[in-house]
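Open the structure in your viewer and keep the selection tool at hand. This tour tells you what to select at each stop and what is there.

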Amino acid sequence: MKFVLTSVLLLFLFSFNSFAQHCNCSLEFNYVKDKIEKNYSGFKDKVNAKTEAIYHKRTQAALEQSQSITTSAHCIYLINEWLTFFKDGHIQIGRNRISKEREEAKLQERIQAMERLSLSSQELARLKNAKGIMGIYWTEDSTSRIAVVRNKTSFRDYAGVVISSKPGKWLPGQVVLSLKSSKDMLKGIMYDRYYIPTNVSLQIKRNALGTFKREGSRQSSAEPVGEATVASKSLSTKTLYIKISTFNQLNAKNIDSLFKANRSNLSKMPNLILDLRNNGGGADFAYRPITPYLYTNTFREIGADVLSTDDNIAGWAAIATTNGLPPDQKVFISGVIEKMKKGKGKLVSFSNDSNISLDSIAPYPQKVIILINKNCGSTTEEFLLLAKQSNKVTLMGEHTAGVLDYSNMRGADFSCMPYMLYWATSRSRRIDEGIAIDNVGIKPDKILKPEQDWINEAKNYVEK
């Protein structure tokens, strides 16, 4: 029987839009395949004696299907489906984060390519009372209002059209969802705020499509997670609350400043709630200001190796030019690049196994609650593996993403389409020790349910 990626993909093969004349999905697919096979640090682990036949069969099926695809969005859909074979969140299609000028040009190209649909006021009025899948929905963060309408084409049953959105996200009239019915869910494409098409599966619920909530329906009573990159407040005389939404290197200075500003509170308040929900990672040096307050005994840190290829060397050289990188990190990267140049085609040492000992244990805080959820990954998980070694720390929330064992993403622009491909260049030695966490995540000590007020639960737990 002929192998297919997903049934919905077969319905995405034709479109009213055409590729830019110089683009070709088959060429782009082969470009991505070549990059991953040569540069992804987990390729030899994932494509082995047991899986090689499946991989080649899946690859051949994708290549055949690519020959009929006529839009960049559907080409990305196919490539993303193919990439699921590796089960690695550190292989991604996204924007160019290295060159601001190059990304601005690519962004405008993506915006210009967006499909638009016009909805009359009468149509919107009817949608307010619609039953079933059609209707008006709000995004999970309540920043955008979307009309889901039946709009059948050769590749979709429903379209999601922007009614309104906060500045910097989407524009009214843009089609940001293209969805096909599949059993009890809708599958297809959703664009992110940078107009990158991503593959989605939205479960059909009574008043929701996945995380999209129908307008007018009763909303969850759970407290929202704010968008501020850093924040702090005293919840009581005993408990300090600190939120860090990203360990991105551009946020490192904000984290350092926040902990300096709270130095007095941290030196006398017995409890700290550290909220890391939705923190998808960043750079390890960003969490340096936090670790002294957690330390109770020697931290064990397991090292990693990096795959030396020309593309990976170029990727590391490019990252060294980005803003916000401390001088010691530039020196470290230079050393890594030198080792890679001497060991082409091999995994070379990226970081050694180490034991981290500090001179003293901070008397306060005495107890630290760290709030975690399914969107915590990468560097955040690296931090949590250290933090959970402390006698002060309790993890509360839900399992993390499980995206860490293959990490340190580097990438390259697509050969034609206005996107960038990223892949993991390093491989943790946790894998060889049998303690890998990819696709497993880090388990909380105390599980919290989505409908609970997590901050209040943490406060009550730590104070009682």
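**Before you start**

This is a predicted model, in which local features need pLDDT of at least 70, side-chain atom pairs count only at pLDDT 80 or more, and totals for chains, interfaces and linings use all residues. Residues are numbered from 1 along each chain as its sequence is written, and side-chain values use heavy atoms, with hydrogens and water left out.

**Stop 1: the disulfides**

How many disulfides does the structure hold? There are 2, where a disulfide is a pair of cysteine sulfur atoms within 2.5 Å.

Select Cys 23 and Cys 416. Their S to S distance is 1.9 Å. The link is left-handed, with -95° about the S-S bond. It ties distant parts of the chain, 393 residues apart. Cys 23 sits in the segment before α1 (25-39). Cys 416 sits in the loop between β19 (406-413) and β20 (420-428). Helices (H or I, at least four residues) and strands (E, at least two) are DSSP runs, numbered from the N terminus. Both Cys 23 and Cys 416 are buried. Buried means under 20% relative accessible area, exposed over 50%, and partly exposed in between, with a 1.4 Å probe and protein chains only.

Now select Cys 25 and Cys 75. Their sulfur atoms are 2.2 Å apart. The torsion about this S-S bond is about 95°, so the disulfide is right-handed. It joins helix α1, which holds Cys 25, to helix α4 (residues 72-83), which holds Cys 75. These two cysteines are 50 residues apart. Cys 25 is buried at 2% relative accessibility, and Cys 75 is buried at 0%.

With bonded cysteines counted along the chain, the pattern is 1-4, 2-3.

**Stop 2: α1 against α4**

Show both helices. They pack at an angle of about 30°, with their axes 10 Å apart. Axes are lines fitted to C-alpha atoms, for helices over the stretch in contact, and angles run from 0 to 180 degrees between N-to-C directions. α1 and α4 are therefore roughly parallel to each other, a label for angles under 35 degrees. From α1, the contact includes Phe 29, Val 32 and Ile 36. From α4, it includes Leu 78, Ile 79 and Trp 82. Contact means heavy atoms within 4.5 Å.

**Stop 3: the cores**

Select Ile 244, Phe 247, Leu 276, Ile 290, Ile 370 and Phe 383. These have the most contacts inside the largest nonpolar core, which has 48 residues. Such a core is a set of buried Ala, Val, Leu, Ile, Met, Phe, Trp, Tyr and Cys residues joined through side-chain atoms within 4.5 Å. Helix α12 (residues 379-387) gives the most to this core, with 5 residues. A second, separate core has 31 residues, among them Phe 43, Val 47, Leu 78 and Tyr 419.

**Stop 4: two single residues**

Is Arg 430 buried or exposed? At 4% relative accessibility, Arg 430 counts as buried. Arg 430 lies in helix α13 (residues 430-433). Its contacts, not counting residues up to four places away in sequence, include Glu 382 and Asp 405.

Finish at Gly 135, in strand β2 (residues 135-138). Gly 135 is buried, at 0% relative accessibility. Among the residues that Gly 135 touches, beyond four places away in sequence, are Leu 127, Ile 146 and Arg 214. Gly 135 and Met 269 are 49 Å apart, C-alpha to C-alpha, and 134 residues apart in sequence.

Terms used: Angles under 35 degrees count as roughly parallel, over 145 as roughly antiparallel, 65 to 115 as roughly perpendicular and the rest as oblique.
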